[in-house]
Amino acid sequence: MTSSSPEATLDGSYAALAAEYYDAKRHPTSANFRWASERLLERLLPHPPGRSLCEVGAGDSALAAWLAKRRHPLTNLLLTDASAAMLAYSERWARDGARLAVAPATALPVSDESLDLIVASLADPYDESAWWSEVNRVLTPSGRVVLTTPAIGWARAFRHAANEPTASARFVRADGKVVDVPSHIREPADERILIADAGLRLVAEDAVRRTELMAPVSHKLDMIAPQDPVVVAYVVAR
Ligand SMILES: C[S@@+](CC[C@H](N)C(=O)[O-])C[C@H]1O[C@@H](n2cnc3c(N)ncnc32)[C@H](O)[C@@H]1O
């Protein structure tokens, strides 16, 4: 793994969450989101995936698992995350040839127009205009981005009801410490504008609805209707 600068300056508070982020008992909403995000990737990732692949904000890489399941090599896969502690969940993929790098989503360690596929699973911490500009820099002319993010209807209803900040996700750790991490979730119409403003083109949208989730479903998702989206996806090209 390479490291570009101290973790605390890169990732807000994910370092403070990493040890228990994937504990589904402790954080069932995150587990539901991850499951939904993987379903969307199953539906939307291109076959074949391309020659130069990257997952941004990878944590425990969903793309590496997708590739390995289909017996694709991982030697052309770059996994990045602003948090070294979150990226450590993907260290097992390095044994199969994936490269790991600590880097913010807005400064990927690759040259211009070099990535055929970029995956950003649950990208709400960095889903802002600077990230889409970076996508425009690094994507090949025929490349694709698949980004997933929690749905705005849920985020708005939950954060309002819980009296939480609108642009943060609140986690309560096992030790009782409250950790707020950046979470930029917006209406699809506004996401489309962000994408277009970066000079990119939306080619598909999809969503996993609450009714599709596998049990156990977090009580934090009770406030939306069964047909409401839980996680949405955008497929983007040049
Ligand atoms: C909601 S978690 C999702 C992790 C993983 N993609 C998944 O689906 O399980 C968000 C991830 O983005 C990373 N992250 C947060 N801010 C980032 C930034 N500015 N640049 C790159 N990664 C970032 C976090 O460290 C964390 O691993």
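Gly-57 lies in the loop between strand 2 and helix 4. Helices (H or I, at least four residues) and strands (E, at least two) are DSSP runs, numbered from the N terminus. This is a predicted model, in which local features need pLDDT of at least 70 and side-chain atom pairs count only at pLDDT 80 or more, while totals for chains, interfaces and linings use all residues. Residues are numbered from 1 along each chain as its sequence is written, and side-chain values use heavy atoms, with hydrogens and water left out.

At 25% relative accessibility, Gly-57 counts as partly exposed. Buried means under 20% relative accessible area, exposed means over 50%, and partly exposed is in between (1.4 Å probe, protein chains only). Leaving aside neighbours within four places in sequence, Gly-57 is in contact with Thr-80, Asp-81 and Tyr-126; contact means heavy atoms within 4.5 Å. Gly-57 and Val-119 are 62 residues apart along the chain, and their C-alpha atoms are separated by 8.8 Å.

Helix 3 and helix 4 can be taken as a pair. Two packed helices are described by the angle between their axes and the distance between the axes. Helix 3 (residues 28-44) packs with helix 4 (residues 62-69) at an angle of about 50°, and their axes are 11 Å apart. Axes are lines fitted to C-alpha atoms, for helices over the stretch in contact, and angles run from 0 to 180 degrees between N-to-C directions. Helix 3 and helix 4 are therefore oblique to each other. Angles under 35 degrees count as roughly parallel, over 145 as roughly antiparallel, 65 to 115 as roughly perpendicular and the rest as oblique.

Which residues in helix 3 and helix 4 meet? Arg-34, Glu-38, Leu-41 and Glu-42 are on the helix 3 side, and they meet Ala-62, Trp-66 and Lys-69 in helix 4. By class, the contact of helix 3 with helix 4 has 3 nonpolar, no polar and 4 charged residues. Ala, Val, Leu, Ile, Met, Phe, Trp, Tyr, Cys and Pro count as nonpolar, Asp, Glu, Lys and Arg as charged, and the others, Gly among them, as polar.

Another residue of helix 3 is Ala-36. At 0% relative accessibility, Ala-36 counts as buried. Not counting residues up to four places away in sequence, Ala-36 touches Val-208, Leu-213 and Val-231. The C-alpha atoms of Ala-36 and Val-208 are separated by 5.9 Å, although the two residues are 172 residues apart along the chain.

Helix 7 and helix 9 come next. An α-helix has 3.6 residues a turn, so residues three or four places apart point the same way. In helix 7 (129-138), the buried residues are Trp-131, Trp-132, Glu-134, Val-135 and Val-138. They cover an arc of only 155° around the axis, which puts them on the same side of helix 7. The arc is that of the directions from the helix axis to the C-beta atoms. The buried residues of helix 7 pack against strand 2, strand 5, strand 6, helix 9 and strand 10.

In helix 9 (residues 188-197), Glu-191, Leu-194 and Ile-195 are buried. They cover an arc of only 95° around the axis, which puts them on the same side of helix 9. What do the buried residues of helix 9 pack against? Their partners are helix 7, strand 6 (139-150), strand 9 (201-209) and strand 10 (229-237). Just after helix 9, Gly-199 takes a positive phi of about 80°.

The backbone has some further points to look at. Most residues other than glycine have a negative phi, and most peptide bonds are trans. Arg-71 is not a glycine, yet has a positive phi of about 60°. Arg-71 sits in the loop between helix 4 and strand 3 (77-81) and is exposed, with a relative accessible area of 77%. Glu-113 also is not a glycine and has a positive phi of about 50°. Glu-113 is in the loop between strand 4 (99-102) and strand 5 (115-120), and at 45% relative accessibility Glu-113 counts as partly exposed.

Two peptide bonds remain. The bond from His-47 to Pro-48 is cis, with omega near -10°. Pro-48 lies in the loop between helix 3 and strand 2 (53-56), and at 67% relative accessibility Pro-48 counts as exposed. A cis peptide bond also joins Ala-215 and Pro-216, with omega about 0°. Pro-216 lies in the loop between strand 9 and strand 10.
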